[in-house]
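Here are some notes to go with your first look at this one. Have the viewer open while you read, and take the points in order.

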Amino acid sequence: MVKLDPKEITFPDPEFYDGHEGIIAYGGDLSADRVWFAYQNGIFPWFNPDEEILWWCPDPRFVLFPEEVKISKSMKKILDRNIFTFTENQYFEEVIRNCQQTARKDQDGTWLSEELIQVFLQFHRYGLAKSIEVWQNDELVGGFYGLKIGNVFCGESMFSKVSNASKAGFITFVEKNKDSLTLIDCQSHTPHLESLGARMIAKKVFLHILKENNQI
């Protein structure tokens with residue numbers, strides 16, 4: 001792994017550097033400029049609060065092509081019944097803080113530090129980050145957020161307080177943006193997203209798609 005200089009915003013080229021189990025660098029800082037530069041190059045931060053900052057670009061990469069989204073019969077019924085309503089970018093901070101506070105299976109604590117939250121709030125103010133909110137009976141019951149890099153949406157985290165809330169939000173978002181998004185980056189494998197059609201592709205293929213669609 002390469003140790004980053006906090007005074008210089010640079011990373012190893014992830015196309016030619018594999019690192020260790022997907023970690024290509026450590027250290028540096030969480031300035032908005034560095035984090036944005038990282039995402040533009042297919043790299044994202046993910047680390048525990050007591051660790052140094054770790055920068056990842058895994059191979060293979062877990063992604064969803066919007067046209068491949070899978071909607072089960074049971075989810076179609078839920079969506080048809082209008083159990084949930086949806087908004088976009090109305091409650092970004094509430095969504096990211098719910099993602100921070102939601103307990104995860106086999107995960108002790110959260111990787112979403114206050115410093116990183118403030119960076120994403122800054123991105124949201126710049127129009128670079130967006131949230132999707134899921135409502136039931138006027139209560140925020142689910143949602144997710146991420147960064148839009150050209151025609152690629154980099155999904156960061158999601159939460160769900162009731163069954164199927166995050167799935168419904170994700171499906172609705174994908175269906176709404178099928179014509180404008182080339183790819184949704186899911187970063188790391190989860191059975192939840194695999195059930196919705198996400199799959200692994202080679203890192204070099206992902207980086208090529210990101211580069212080709214990186215038009216801000």
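The points below go through the cores, the aromatic pairs, some strands and the salt bridges of this predicted model.

1. Start with the inside. The largest nonpolar core has 49 residues, and the members that touch the most others are Tyr39, Trp55, Leu112, Phe120, Phe123, Tyr145 and Leu147. If you want to know which element gives the most to this core, look at helix H4 (residues 114–125), with six residues.

2. Keep Tyr145 in view for the next point.

3. Now the rings. There are 13 aromatic pairs in the structure. In one of them, Phe92 and Tyr145 have ring centres 5.8 Å apart and planes at 75°, so this pair is edge-to-face. Phe92 sits in helix H3 (residues 92–101) and Tyr145 in strand S8 (residues 139–149), so to speak two distant parts of the chain, 53 residues apart, linked by the pair. Are these two residues buried or exposed? Both Phe92 and Tyr145 are buried.

4. Phe144 and Phe173 make another edge-to-face pair, with 5.5 Å from centre to centre and 80° between the planes. This one links strand S8, where Phe144 lies, to Phe173 in helix H5 (residues 165–176), 29 residues away. Phe144 counts as buried because its relative accessibility is 4%, and Phe173 counts as buried at 3%.

5. Trp36, Tyr39, Phe92, Phe120, Phe123 and Tyr145 are linked by ring pairs into a cluster. Of these, Tyr39, Phe120, Phe123 and Tyr145 are also among the core members that touch the most others.

6. On to the strands. Strand S2 (residues 23–27) is mostly covered, with four of its five residues buried. S2 runs parallel to strand S1 (residues 2–4), and three bridges join them; Val2 stands opposite Ala25 there. S2 also pairs with strand S4 (residues 54–56), this time in the antiparallel sense, again over three bridges. In that pairing, Tyr26 has Leu54 as its bridge partner.

7. The charged side chains deserve a pass too. Nine salt bridges turn up across the whole structure. One of them joins Arg34 and Asp29, at 2.7 Å from N to O. Arg34 counts as buried, at 0% relative accessibility, whereas Asp29 is partly exposed at 24%.

8. The N to O distance is 3.4 Å. Glu88 is partly exposed, with 21% relative accessible area, while Lys176 counts as exposed at 59%. Lys130 belongs here as well: Glu88, Lys130 and Lys176 are linked in a network of salt bridges.

9. Last, a link between two helices. Glu114 forms a salt bridge with Arg97, with the closest N and O atoms 2.9 Å apart. Glu114 is in helix H4 and Arg97 in helix H3, 17 residues apart. Glu114 is partly exposed at 38%, and Arg97 is partly exposed at 21%.

Note on methods
Residues are numbered from 1 along each chain as its sequence is written. This is a predicted model: local features need pLDDT of at least 70, side-chain atom pairs count only at pLDDT 80 or more; totals for chains, interfaces and linings use all residues. Side-chain values use heavy atoms; hydrogens and water are left out. A nonpolar core is a set of buried Ala, Val, Leu, Ile, Met, Phe, Trp, Tyr and Cys residues joined through side-chain atoms within 4.5 Å. Buried means under 20% relative accessible area, exposed over 50%, partly exposed in between (1.4 Å probe, protein chains only). Rings of Phe, Tyr and Trp (its six-membered ring) pair if their centres lie within 6.5 Å; planes under 30 degrees apart count as stacked, over 60 as edge-to-face and the rest as tilted. Two strands pair if DSSP finds at least two bridges between them. A salt bridge is a side-chain nitrogen of Lys or Arg within 4 Å of a carboxyl oxygen of Asp or Glu.
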